[in-house]
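This report looks at pairs of oppositely charged side chains. Sequence and structure come first, then the details.

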Amino acid sequence: QVQLVESGGDSIQAGGSLRLSCVASGYIYRDDCMAWFRQAPGKEREGIAVIDGAGTTSYSDSVKGRFTISQDNAENTLYLQMNSLKPDDTAMYYCAVRSRCKVIPGVPTLASAFRTWGQGTQVTVSS
């Protein structure tokens, strides 16, 4: 069973940048997908970025052009580079993994499809 641990969350002013990391213990297979989600208080968990074993990525409209998902397979680590942060980006950020997955750009990333989650890391953006 893969375990995921996120880090890198912080309190930051609008316009700044952060990089989140998610370290996976256990094997990530080539046909797995890894994704970043976020959840603000009182809101549903939102899929914001996903990557598959071929390196295909997809982003939600809310972060497209500002956030970049990447993975280091040798280190079993998933990253989320977040630039031009806005107060609306304030949320708990989670990474997740699912098996036998292929990313189709533009198709929403649904939390219900992912079975393994990290504990989350808090990002707070002030104006």
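## An exposed partner

Asp61 is exposed, with a relative accessible area of 67% (exposed means over 50%, buried under 20%, partly exposed in between, with a 1.4 Å probe and protein chains only). Asp61 pairs with Lys64 in a salt bridge, where the closest N and O atoms are 3.3 Å apart. The term salt bridge means a side-chain nitrogen of Lys or Arg within 4 Å of a carboxyl oxygen of Asp or Glu. Side chains of opposite charge can pair when their charged atoms come close.

## Basis of the values

This is a predicted model, in which local features need pLDDT of at least 70 and side-chain atom pairs count only at pLDDT 80 or more, while totals for chains, interfaces and linings use all residues. Residues are numbered from 1 along each chain as its sequence is written, and side-chain values use heavy atoms, leaving out hydrogens and water.

The structure holds 4 salt bridges. One of them joins Asp89 and Arg38, at 2.8 Å from N to O. These two residues lie 51 residues apart: Asp89 in the loop between strand S8 (77-82) and strand S9 (91-98), Arg38 in strand S4 (residues 33-39). Strands are DSSP runs (E, at least two residues), numbered from the N terminus. Asp89 is buried, at 1% relative accessible area, and Arg38 is buried at 7%.

Asp89 also forms a salt bridge with Arg66, with the closest N and O atoms 2.8 Å apart. Arg66 sits in the loop between strand S6 (57-59) and strand S7 (67-72), 23 residues from Asp89. Arg66 counts as buried, at 11% relative accessibility.

## The network

Salt bridges link Arg38, Glu46, Arg66 and Asp89 in a network.

Key. Helices (H or I, at least four residues) and strands (E, at least two) are DSSP runs, numbered from the N terminus.
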